[in-house]
Amino acid sequence: MTQKDRHLGSSDSTDLEKVDQENRDRVNQGLSRRGFVKGLASATATLGASVVYSNQGANQSAPALSTTPTETFTIEGKDGLRLLSDHPINAETPPHLLNDDITPINRMFVRNNGIPPQSVNFDTWTLTVDGESVQSSKTYLISDLKSRFKNISRQLIVECGGNGRAEFDPRVSGNQWTLGAVGCPIWDGIRLKDVLEDCGYSDDAVYVAYHSADTHLSGDKTREPISRGVPISKALEEESMISWGMNGEDLHPLNGHPLRLVIGGWPGSVSGKWINRISIRDRVHDGAKMASPSYRVPCEPVAPGAEVSVDNMCIIHAMPVKSLITQPRSGTQHLKEEPLHLHGHAWSGHSVVQDLRLSIDFGQTWHSAELQPPVNRLAWQNWDYDIEFPSEGYFEVWARAIDASGVAQPMVLPGWNPKGYLNNACHRIAVYVS
Ligand SMILES: Nc1nc2c(c(=O)[nH]1)N[C@H]1C(S)=C(S)[C@@H](COP(=O)(O)O)O[C@H]1N2
Ligand SMILES: [Mo]
C-alpha cells in the first residue's frame, strides 16, 4: 500500500453523543433549510440554480485561471457547480463555493458512474445484508433502520479519489477534476457497524461491499456501474455510516437518495449511493471497479507516463492530507492598506491536521493559520488567517496542511500514476494587491 492505514483512536462514546447533538444543533441554527423537489434531477434538469459548463481543461489550481462558462446547464438543487460530463452527470464545486464550514446540499459535488435510479420510494426501499460471512441475512426498510439503531450525525469528508486529476502530466484519462470533488456535510444515519452486528458475521469476514440501484451506462441490466467495499476493520469504525440524510434534509437525488454509505476519509468510491444490498464477504470484494487498475495506484512509485502492470497496482485506502483556500476567490483584487482575510479547510483521511501554513512568497517563508480541531474524527478542519502584503503587485497565496504525524502536502504534483488519483498538491490562489 502506498497510503498507510493509520488511525487515531476512536473517540469514546460519550464524546460522540455530544458531537451528534452538536451536529444537529449546528444544522438547526446555521444552515438554511432550503428544500428541493424530491425526485430525479435529470440530465436535462431545468429550474433552479445553475451548473456552469466549462470546457476549460487542466490545471485550475494554477492561480490566475478562472472558469470560463460556455454554456449554462442546470441541476435542480445544485448551485454553481462546474459540469465535467452530462452522461453520466459529473460536476464539481469551485473552491470559493466550498467556503461554508458545513458543505450545503447545493454545493456537494456529484460523481456518477452510471444512471441513477429513476423512481425512488423512501417508504418501500429495502436494504438486504448478505454474503458468505453473514450469520443471518436480513432485509430492512429505512424505517426499520431509523427505529432499530441509534441515530447519529457526523460531519465527514467525501473526496473523489480522482480529485485533482486534471493536473497530472502526462495527462491521464477520466473526469478532469480540478479541486472541487470534495465536500464535508453532516451526514444523518446510523453506524454501519450496528447493522453488521445485528446480522452477525463469522471470523472469516474480510470485506464489506455495497450493491446499488443505479444502472450501467450500456443499459445492460446485468452489469453494475460500480460495486466497491472496504476491509471489515474499516467498516466497523465509528465513522462508517449508512446515511439517509444530509444536513438534516433528505439526500439529494444525485448524492444517493434514499440511502447511501459514507465511509469517512477513504476515496469517495467506497461510499456507495442508492444502496440496496450490503455483502459481508470472505474475500476482498470482486465487484465492478474493484479490479485493477480502478481505484489503485502503483505499489511502488513510477516515472511520469510509465506503463504499470495491473499486478503492480495496490488498492487505495485513506486519502492523503490536503487543504483548500475557499476565501477569497482566486484572482481577487485587494487594497494594500488592509489585511486580507483568508479562510479554508484542511483534512486527512486517517489523521488530524496539526498545522496549516500559508506563504505569499512562493514558499520562502510561512505563517501558521488559526486552525480549529475537527468536530469529530474525519471531519475537515476550518482555518482562518489575516495576511498583510508587503507591497503592491501580484501575489500567490499557498496553503499547506501538515498532519499529526508530520506529513505535509507536497508543493508540487505528487507521484504520477496511470489513473490520476491522490493529487494532494498545495492549493494556490492569485491576489492582485494595489
Ligand atoms: N451506486 C453508486 N455509488 C457511488 C458512485 C456511483 O456512481 N454509483 N460513485 C462513487 C464515487 S466514485 C464517488 S467519488 C462518490 C461521490 O459521491 P457524491 O456524488 O455524493 O459526491 O460516490 C460513490 N458512490
Ligand atoms: Mo470517485
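How many disulfides does the count come to? With a disulfide taken as a pair of cysteine sulfur atoms within 2.5 Å, the count comes to 1 disulfide. The structure is a predicted model, in which local features need pLDDT of at least 70 and side-chain atom pairs count only at pLDDT 80 or more, whereas totals for chains, interfaces and linings use all residues. Residues are numbered from 1 along each chain as its sequence is written, ligands are numbered from 1 in the order in which they are written, and side-chain values use heavy atoms, with hydrogens and water left out.

The disulfide joins C299 to C314, with an S to S distance of 2.1 Å. The torsion about the S-S bond of C299 and C314 is about 105 degrees, so the disulfide is right-handed. Because C299 lies in the loop between β18 (296–298) and β19 (313–315) and C314 in strand β19, the pair ties together parts that are 15 residues apart in sequence; helices (H or I, at least four residues) and strands (E, at least two) are DSSP runs, numbered from the N terminus. C314 counts as buried at 14% relative accessibility, where buried means under 20% relative accessible area, exposed over 50% and partly exposed in between (1.4 Å probe, protein chains only). C160 and C199 are also buried, C160 with a relative accessible area of 7% and C199 with one of 3%.

A nonpolar core is a set of buried Ala, Val, Leu, Ile, Met, Phe, Trp, Tyr and Cys residues joined through side-chain atoms within 4.5 Å. The largest such core has 39 residues, and those with the most contacts inside it are L145, L192, I242, L259 and I278. Elements that each supply at least two residues of this core include α2 (142–148), α3 (192–199), β14 (240–246) and β17 (275–281), and the largest share, 4 residues, comes from α3. The buried residues of α3 are L192, D194, V195, L196 and C199, and just after this helix G200 takes a positive phi of about 80 degrees.

Around ligand 1 there are 20 residues, the closest being F109, N113, D214, R260 and K273, where a residue is near a molecule if one of its heavy atoms lies within 4 Å of it. A polar side-chain atom of S212 lies 3.0 Å from a nitrogen atom of ligand 1, and an N or O atom in the side chain of N255 is 2.9 Å from an oxygen atom of ligand 1. Taken alone, ligand 1 exposes 530 Å², of which the protein buries 100%, with accessible areas from the Shrake-Rupley method with a 1.4 Å probe.

How values were computed
A polar contact is a pair of N or O atoms within 3.5 Å; within protein, one must be able to donate a hydrogen and the other to accept it, and residues adjacent in sequence count only if both atoms are side-chain atoms.
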